[in-house]
Amino acid sequence: EAGSDAQLAVVYSLAGLVLACSVALLAPLLTPLLTGRVFVYNDLSWFHLPLRLLYQQALWAGDTVLWTPSIFSGFYLHGEGQAGLFHPLHQLLYRAFPLGIAFNLELVANYPLAFAGMHWLLRRLDFSRAASLFGAMLFAFGGFNLLHYHHVNMVAVVAHMPWLLAAADVLIVEGKRRTVA
């Protein structure tokens with residue numbers, strides 16, 4: 001009994017440590033949001049942010065977001081695809097918030113979502129809580145996702161992957177209709 005209590009304490013302390021490290025890794029990504037600034041490195045300043053501005057202006061004006069006359073005397077914005085114009089989160093963010101806040105929230109949201117999705121997937125695969133949290137931290141804040149923060153769409157696609165894999169696991173493994181639904 002005492003051994004299991006000690007093991008449980010170790011698991012909880014490891015889980016707490018991993019969560020603290022994850023928060024520490026997320027904090028620098030929150031800095032622009034908290035200081036009223038935006039990341040502008042590389043693609044962010046010359047591609048993603050201007051497209052989000054056109055997108056937001058169209059949403060607020062009630063215009064179509066499919067096409068914009070502001071680029072190349074007319075540009076099929078939806079066909080370009082990287083802005084994710086019809087993603088529910090993007091619709092909400094760019095309708096509800098000023099551009100800088102919406103853009104920062106879009107960029108930052110990928111990391112906790114990637115973390116949560118990988119944690120869910122690893123728990124479904126019967127990893128321990130501490131191991132699942134550690135794997136989620138490595139996935140969300142690992143080299144690819146952090147080094148590609150300026151490719152917002154790429155990180156967003158990667159953040160969706162564990163959710164899709166876990167959902168597929170539910171469909172394949174679960175026998176109860178209610179759980180599958």
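Me: Why is Leu 66 called partly exposed?
Reply: The relative accessibility of Leu 66 is 34%. A residue is buried under 20% relative accessible area, exposed over 50% and partly exposed in between (1.4 Å probe, protein chains only). Leu 66 is therefore counted as partly exposed, at 34%. This is a predicted model, in which local features need pLDDT of at least 70 and side-chain atom pairs count only at pLDDT 80 or more, whereas totals for chains, interfaces and linings use all residues. Residues are numbered from 1 along each chain as its sequence is written, and side-chain values use heavy atoms, with hydrogens and water left out.

Me: Where is Leu 66 placed, and what makes the nonpolar surface patch to which Leu 66 belongs?
Reply: Leu 66 is in the loop between α2 and α3 (77-80). Helices (H or I, at least four residues) and strands (E, at least two) are DSSP runs, numbered from the N terminus. Together with Trp 67, Tyr 76 and Phe 86, Leu 66 makes a nonpolar patch of about 430 Å². Patch residues have over 30% relative accessible area and no salt bridge; like charges are joined within 9 Å and nonpolar side chains (Val, Leu, Ile, Met, Phe, Trp, Tyr) within 5 Å. The areas come from the Shrake-Rupley method with a 1.4 Å probe, and for residues only the protein chains shown count as cover.

Me: How do you know whether Phe 72 is buried or exposed?
Reply: Phe 72 has a relative accessible area of 71%, so it is exposed. Phe 72 also lies in the loop between α2 and α3. Its phi is near 50°, a positive value in a residue other than glycine.

Me: Why is Asn 42 called partly exposed?
Reply: Its relative accessible area is 32%, and Asn 42 is therefore partly exposed. Asn 42 is in the loop between α1 and α2, and has a positive phi of about 55° although it is not a glycine.

Me: Why is His 48 called buried, and which residues touch it?
Reply: His 48 has 0% relative accessibility, so it counts as buried. His 48 is found in helix α2. Leaving aside neighbours within four places in sequence, its contacts (heavy atoms within 4.5 Å) include Phe 103, His 150 and His 151.

Me: What makes a set of residues a nonpolar core, and which members touch the most others here?
Reply: A nonpolar core is a set of buried Ala, Val, Leu, Ile, Met, Phe, Trp, Tyr and Cys residues joined through side-chain atoms within 4.5 Å. The largest such core has 38 residues, of which Tyr 94, Leu 107, Tyr 111, Phe 115 and Phe 141 touch the most other members. Among the elements that give two or more residues to this core are α2 (43-61), α5 (99-124) and α8 (152-173). Helix α5 gives the most, with eleven residues. In soluble globular proteins, nonpolar side chains tend to be buried together. Tyr 94 is buried in α4, and, beyond four places in sequence, touches residues including Arg 52, Leu 59, Trp 60 and Glu 106.

Me: How do you know that Glu 106 and Arg 52 form a salt bridge?
Reply: A salt bridge is a side-chain nitrogen of Lys or Arg within 4 Å of a carboxyl oxygen of Asp or Glu. The side chains of Glu 106 and Arg 52 meet at 2.7 Å, N to O. The pair links helix α5, which holds Glu 106, with helix α2, which holds Arg 52, and the two are 54 residues apart. Both residues are buried.

Me: What makes Arg 124, Asp 169 and Glu 174 a network?
Reply: These three residues are linked by salt bridges. The closest N and O atoms of Arg 124 and Asp 169 are 2.7 Å apart. Arg 124 also meets Glu 174, at 3.1 Å, N to O. At 22% relative accessibility, Arg 124 counts as partly exposed, and so does Glu 174 at 25%, whereas Asp 169, at 16%, is buried.

Me: How do you know that the reach of α8 is close to the expected one?
Reply: The expected span is 1.5 Å times one less than the number of residues. Helix α8 has 22 residues and reaches 32 Å from its first C-alpha to its last, close to the 32 Å expected. Met 154 is found in this helix and, at 31% relative accessible area, is partly exposed.
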